[in-house]
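Student: I am new to this structure and would like to look closely at just one part of it. Could you pick a helix and walk me through its surroundings?

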Amino acid sequence: MAKVAITTEKAPKPAANYSPAVRKGPILQLAGQVPFDPETGEIVGSTIAEQTRQVFANLEAVLTEAGSGWQDVVMVRAYLTDTAHFGEFNEVYNELMREPYPARTTVYVGLPKGVLVEIDLLAVVD
């Protein structure tokens with residue numbers, strides 16, 4: 001079973017030598033997406049809610065390109081820059097995700113200037 005890189009023009013281009021997603025068999029791993037506009041490369045939004053919505057749009061573009069969707073996501077890893085953002089992030093997350101919810105880990109990290117959130121996903125595609 002071959003490892004296949006997934007790319008799309010509908011999500012931001014990687015900042016280094018990595019694939020936006022890789023699929024091997026039923027396993028689909030999406031690299032972390034940040035709130036960049038895929039056309040301009042600029043950060044979308046100044047609030048955690050705005051940025052989270054853009055990150056979800058970028059993730060969805062990669063999932064779609066891979067022939068997958070949110071129904072296949074089994075793990076979400078969210079990286080926030082500020083513990084004070086958790087409540088607002090969680091509100092947007094709860095609005096966008098549907099049951100049965102994937103497992104999730106949220107950690108606090110340093111991200112590039114102006115970026116408040118990064119999210120990566122693990123999906124299992126039937």
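Tutor: Here is a walk around helix α2 and its neighbours. Keep in mind that this is a predicted model. Helix α2 covers residues 86–96, and its buried residues are F89, V92 and Y93. Looking down the axis of α2, you will find these buried residues within an arc of 100°, so they line one face of the helix.

Let's take α1 next. The two helices, α1 and α2, pack at an angle of about 35°, and their axes are 9 Å apart. Their crossing is right-handed. On the α1 side, I48, A49, T52, R53 and F56 take part, meeting E88, F89, V92, Y93, E95 and L96 of α2. By type, the residues of this contact are 7 nonpolar, 1 polar and 3 charged.

Now step back to the largest nonpolar core, which has 26 residues. F89 is among those with the most contacts inside this core, along with L28, L30, V76, V117, I119 and L121. At least two core residues come from each of β3 (27–33), α1, β4, α2 and β6, and α1 gives the most, with 7 residues.

Beyond its neighbours within four places in sequence, V76 is in contact with several residues, including Y93, I119 and L121. Y93 is also one of the buried residues of α2, which brings us back to our helix.

Note on methods
Residues are numbered from 1 along each chain as its sequence is written. This is a predicted model: local features need pLDDT of at least 70, side-chain atom pairs count only at pLDDT 80 or more; totals for chains, interfaces and linings use all residues. Side-chain values use heavy atoms; hydrogens and water are left out. Buried means under 20% relative accessible area, exposed over 50%, partly exposed in between (1.4 Å probe, protein chains only). Helices (H or I, at least four residues) and strands (E, at least two) are DSSP runs, numbered from the N terminus. The arc is that of the directions from the helix axis to the C-beta atoms. Axes are lines fitted to C-alpha atoms, for helices over the stretch in contact, and angles run from 0 to 180 degrees between N-to-C directions. A crossing is left-handed if the near helix is turned anticlockwise from the far one by less than a right angle, and right-handed if clockwise. Contact means heavy atoms within 4.5 Å. Ala, Val, Leu, Ile, Met, Phe, Trp, Tyr, Cys and Pro count as nonpolar, Asp, Glu, Lys and Arg as charged, and the others, Gly among them, as polar. A nonpolar core is a set of buried Ala, Val, Leu, Ile, Met, Phe, Trp, Tyr and Cys residues joined through side-chain atoms within 4.5 Å.
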